[in-house]
Amino acid sequence: MSKPVRPFTLSPYNAISTIIDGRVVVTPPRRRVVITGAGKSMRQIPWTDESWEIWGINNFWNAMRDHDARLRADRWFELHPPTTDIQDTYDMHWLRECPVPIYTTEPFDENPNAVVFPVDDLAAQFRDYFACTFAYQIAFALAEGFTEIAVHGLELAYGTQREATVERSCVDWWLGFAEGRGVTVTIPDGDHVVRHWSRYGFDYWKEAGMVEDYVGSLIGRKVAE
């Protein structure tokens, strides 16, 4: 884990935003959003395309850079308690210094950019099914009216047991829900998100073998980070 780079020079491709009554207002609004993990398809993120908002997460601050190493993130999500028994020194530093709107689980007065994430509103509007930050982000993108969601670097299928089972199924559900509401969902080729290796029944032996290998691979993984 790396310490945040200082100073935090913002990318000119970032959206212009203000916080009004506990809500982030982007002017002019952008209708496409990138949600990203730390996987290799981060390289394909449209860093310089101003039609996209790009949302950061957790401790990926040094990876969220445009081609001139400026922070390219329109909003940030740190949806773990902002306390020293949960966060390490670098995480707490970022919580205090994050220069873009940052969503938190509770009020955090040490950063004027901190905004409490509206989890109860999302649960009431959609479904109270949130197993990871990516699920919160997808639901929030729907509530904010985005018409296209691109997911990059979400390699949950090859992560810990928790990521590969609990979190992956939750993210897949929310992406399917988004498509069912008419939202365009973009997934880079090669990312194993809302995908299965082969068709059950029609590619019988191939599919059965790949599933057996995959399920067996879960046994030796960490349960969670």
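A salt bridge here is a side-chain nitrogen of Lys or Arg within 4 Å of a carboxyl oxygen of Asp or Glu. The model is predicted.

**View 1. Arg23 meets Glu144 in a salt bridge.** The N to O distance is 3.7 Å. Arg23 belongs to strand 2 (residues 23-26). Glu144 sits in the loop between helix 3 (133-143) and strand 8 (148-152). The pair therefore ties together parts that are 121 residues apart in sequence. Arg23 is partly exposed, at 46% relative accessible area. Glu144 is buried, at 17%, because the cut-off for buried is under 20%.

**View 2. Arg23 and Glu144 belong to a salt-bridge network.** Glu53 and Arg75 are also linked in this network.

**View 3. Arg32 pairs with Glu148.** Their closest N and O atoms lie 3.0 Å apart. Arg32 is in strand 3 (residues 32-36) and Glu148 is in strand 8. Arg32 has a relative accessible area of 28% and is partly exposed. Glu148 counts as buried, with 15% relative accessibility.

**View 4. Arg72 and Asp74 form a salt bridge between buried residues.** The side chains meet at 2.8 Å, N to O. Arg72 has 0% relative accessibility and counts as buried. Asp74 is buried too, with a relative accessible area of 4%.

Note on methods
Residues numbered from 1 in each chain as written. Predicted model: local features only at pLDDT ≥ 70, side-chain atom pairs only at ≥ 80, totals over all residues. Heavy atoms only, no water. Helix = DSSP H or I, 4+ residues; strand = E, 2+ residues; numbered from the N terminus. Buried < 20%, exposed > 50% of the residue type's maximum accessible area, 1.4 Å probe, protein only.
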